[in-house]
Amino acid sequence: MKRHITAGLAAVVALVTSPASATEDITTMSAREVAEAIAAQSLTATDLVNAFIARTGDDAGNVYITLDSEGALAAATAADEAVKAGADLGPLHGVPLVVKDNIASAGLPTTGGTPALKAWIPATDAPVLAKLRDAGAILLGKTNLHELAFGITSNNAAFGAVANAYDPERFAGGSSGGTGAAIGARLASAGLGTDTGGSVRIPAALNGVAGLRPTTGRYPAGGIIPISSTRDTPGPIARTVGDLALLDAVITGSPGALPAVELNSVRLGVPSGLTENLSPETERVFRAALDKLEKSGATLIEVDISTELDLAGKAGFPIALWEVKRDLAAFLEQYGTGLTLDDIAGAVASPDVKFVFENLVLGNQAIPEEVYRMAMNDLRPLVQSGYADVFVTNKLDALVFPTTPLEAQSITGSDQTVSLNGEDVPTFQTFIRNTDPGSIAGIPGLSLPIGVTSEGLPVGLELDGPAHSDRHLLSLGLAIEAALPEMPAPAPR
């Protein structure tokens, strides 16, 4: 069950009497705007934390597994006192964030969205979270996810289905669905997810926000409940690309200033394999965005990555399904959870994840080591070299395509299949179709919102860049964000 560590009615009373909240909706401010306003003493961290707590209410959308209002308010008070005392302030001073509940947080449960870990309370933060807190960020709480990060709907049988920020009857995407939905619904300034095959970018796209999967290995991965050490990475989710760039700079120590590129100098590859068989509304919004980019000066080039897509399709599952057996068992022992892999698998609550563990990880359909070795030693290097060649040969800044082939679907009835252009297709494979190949190559991927369907559902645009081009990819994202219409906010719940 969810935990709400609350400070009682004090939060709501403070919100009602707050002068800041009386004049504007401070929950809509970007993380950068929040940090600047707190430093300038035109906003207090306490007012903003109270506003987010009040907006969350009873968390009907199952965004949180643990909402730590008491801890967040204590941290906000300390942040405000530091400002008044003239202390040196970090770039995220007083900014309230949420963190996916597979990322270790000192003093709070880290469940991985699975029952067996509901009582595990780490002694220290994961390094990626520690970097954000060291920069002054405040942790509001730990967000819900697809159980053990093994899925894309975030329909979690143990902690509830995460509702989409734009339509509570639709799923939030996953596996970082709680973080994506919280930021989309203006319940937090920004946050962290994790991404193995699309788990940052998919919920970012479906909830109308931006998400970055960094080049694999660029962010510290310690203290995160793993699937695959080869493929896993934490990644930021925020409402603007500028906020992603801010969090990325804090995590990596990169220079904070990041100008947008000039679109008339940009070359974007449009891969046919990732831009076909889209839902009609995703197709319409995507093509309108491409037209706008072309009119803004970007050069669009049709490219063929069919070989890379085929190789990635053969390598992806063997790597993840073999490594989770090794990596999750090692994590449980290293971090002193007192649990084994069998303990975790035996208590899994979500039927789809239970099937994976009983059959594909621990059962008679588990990946043989020789298949894994071929995927790692033969197939994956070919995917990586193939992507590198496409970028160099075509002189591309990035590949561009829809983050997902279709918009968010109904929570009810979508665990196994969804309908795409009149055909029932597997939910998981369909929603990771566009995000998974770049994950296997280990290259950076940025999803940003480009508009909504006729039903008001967000559509995301993904940019995949060459390995280690993360900051340039963010610069490109800034330019594209500026060239497209502003994303409409969801209706208040």
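These are my notebook entries on a predicted model of one protein chain.

**Entry: ground rules**

I am working with a predicted model, where local features need pLDDT of at least 70 and side-chain atom pairs count only at pLDDT 80 or more, while totals for chains, interfaces and linings use all residues. Residues are numbered from 1 along each chain as its sequence is written, and side-chain values use heavy atoms, with hydrogens and water left out.

**Entry: the whole chain**

I started with the secondary structure and found 17 helices and 16 strands. Here helices (H or I, at least four residues) and strands (E, at least two) are DSSP runs, numbered from the N terminus.

Next I looked up the extent: the C-alpha trace spans about 60 × 55 × 40 Å along its principal axes. The radius of gyration is 21 Å, which agrees with the value near 23 Å that a compact globule of 493 residues would have. That radius is taken over C-alpha atoms, and the globule rule is 2.2 Å times the number of residues to the power 0.38.

How much of the chain is buried? I read 60% of the 493 residues. Buried means under 20% relative accessible area, exposed means over 50%, and partly exposed lies in between (1.4 Å probe, protein chains only).

The chain exposes about 17700 Å², and carbon and sulfur atoms supply 54% of that area. These areas come from the Shrake-Rupley method with a 1.4 Å probe; for residues, only the protein chains shown count as cover.

I then checked contacts (heavy atoms within 4.5 Å). Among those between residues at least 6 apart in sequence, 77% join residues at least 24 apart.

The mean positions of the 32 positive and 55 negative charges are 1 Å apart. Lys and Arg count as positive and Asp and Glu as negative, with His and the chain ends not counted; each charge is placed at NZ of Lys, CZ of Arg, CG of Asp or CD of Glu.

Which residues of helix α3 (residues 31-39) are buried? I noted Ala 31, Val 34, Ala 35, Ala 37 and Ile 38. They cover an arc of only 165 degrees around the axis, which puts them on the same side of α3. The arc is that of the directions from the helix axis to the C-beta atoms. The buried residues of α3 pack against α4 (45-56), α5 (69-84), β3 (96-100) and α9 (241-252). Following α3 I came to Gln 41, with a positive phi near 65 degrees.

I moved on to helix α6 (residues 127-134), where Val 128, Leu 129 and Leu 132 are buried. Seen down the axis, the buried residues of α6 fall within an arc of 100 degrees, so they line one face of the helix. Their cover includes β3, β4 (138-143), β7 (190-195), β9 (233-238) and α9. Just after α6, Gly 136 has a positive phi of about 105 degrees.

**Entry: back to α4**

I picked out Asn 50, which belongs to helix α4. Asn 50 is buried at 2% relative accessibility.

**Entry: loops worth a look**

Val 348 lies in the loop between α12 (341-347) and α13 (351-361), and it is buried with a relative accessible area of 5%. Which residues does Val 348 touch, not counting those up to four places away in sequence? I listed Thr 114, Glu 147, Leu 148, Val 353 and Lys 354. Val 348 and Gly 113 are 235 residues apart in sequence and 9.3 Å apart in space, C-alpha to C-alpha.

Leu 148, one of those partners, sits in the loop between β4 and β5 (155-156). Its phi is positive, near 55 degrees, in a residue other than glycine. Leu 148 is buried at 6% relative accessibility.

Arg 186 is not a glycine either, yet has a positive phi of about 65 degrees. I found Arg 186 in the loop between α7 and β7, buried with a relative accessible area of 11%.

Where is the cis peptide bond that I noted? It runs from Gly 174 to Ser 175, with omega near 10 degrees. Ser 175 is in the loop between β6 (160-161) and α7 (177-184).

My last stop was Asn 434, in the loop between α15 (427-431) and α16 (436-441). Asn 434 counts as buried at 0% relative accessibility. Leaving aside neighbours within four places in sequence, Asn 434 contacts Leu 274, Phe 401, Pro 402 and Thr 403.
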